[in-house]
Amino acid sequence: MLVSAKEMLDKAKAGHYAVGHFNINNLEWTKSILSVAQEMNSPVILGVSEGAGKYMTGYKTVAAMVKAMIEEMGITVPVALHLDHGSYEGCKKCIEAGFSSIMFDGSHFSIEENIEKTKELVDLAHANGMSLEAEVGSIGGEEDGVVGAGEFADPNECKMIADLGVDFLAAGIGNIHGKYPANWPGLNFDVLAKVQEQTGNLPLVLHGGTGIPADMIQEAINLGVSKINVNTECQLSFAEATRKYIEAGKDLEGKGFDPRKLLAPGAEAIKATVREKIELFGSANKA
């Protein structure tokens, strides 16, 4: 059964750890992440970008697959299925499809329009027993065509959005999607502290979790971050393991070309990445 992310993040906030949000792109991704969460007794959030939802033929397909896998794999840890960087229309589709959590990314709108749309979706999500994440200050880099320069969130605007009753908030603090450039100045903890000051006990979200040094991750958690998003790192580990398998000629040995064999090293590599992140975030044995 899917659960709303609100409860797990409120618990993480109180316990000073973060829950990992891992993006899924297909069956292998989902299976690897769920199995590690169960093995480590950790709550987990499965993130679906609009592009990945489209790739998997639609949100109804994704929701049906995830719900069935939880049942068939005997998963007992809390699992939330969450729309990542959702548009207004995408959020509505995920509410209909049976997701348990949505993110409305209104950061590219004026603050007035962001507030108006967020408020409507908060009411809709809560009426359906779902949690809602909002965003202030766009996250840098590119994800599914959404490009952000990585500007800092305005703490006062964060308070305005928080006061709408959102369940958790993504605030830009210099984090970016994808690989971090060599000259990246790091996270701005002053902005994070000011945002937390304005938003009280609201759990905060750190997007672009790939490549942020461990000490910065810990500091962010200490300052109120309760959800950390990871996508690129799983993609990179999957690609590297798959490349090694093919370069070693394994696909030419026996039935090594069978997709179940071909994709197995990549799936194992994702498991290793997720294990490492769950340890780092401190959510092991917190289910």
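Tutor: Helix α6 (residues 111–127) lies across β4 and β5. This is a predicted model, in which local features need pLDDT of at least 70, side-chain atom pairs count only at pLDDT 80 or more, and totals for chains, interfaces and linings use all residues. Residues are numbered from 1 along each chain as its sequence is written, and side-chain values use heavy atoms, with hydrogens and water left out.

Student: At what angle does α6 run to β5?

Tutor: The angle is about 170°; angles run from 0 to 180 degrees between N-to-C directions, with axes fitted to C-alpha atoms, for helices over the stretch in contact.

Student: What makes β4 and β5 a pair?

Tutor: Two strands pair if DSSP finds at least two bridges between them. Here 4 bridges join β4 (residues 101–104) to β5 (residues 131–136), so the strands pair, and they run parallel. Ser-101 has Ser-131 as its bridge partner in β5.

Student: Why is Gly-209 called buried?

Tutor: Buried means under 20% relative accessible area, exposed over 50%, and partly exposed in between (1.4 Å probe, protein chains only). Gly-209 has 2% relative accessibility, so this residue counts as buried.

Student: Which residues does Gly-209 contact, leaving aside neighbours within four places in sequence?

Tutor: They are Ile-228, Asn-229, Glu-233 and Lys-277; contact means heavy atoms within 4.5 Å.

Note on methods: Helices (H or I, at least four residues) and strands (E, at least two) are DSSP runs, numbered from the N terminus.
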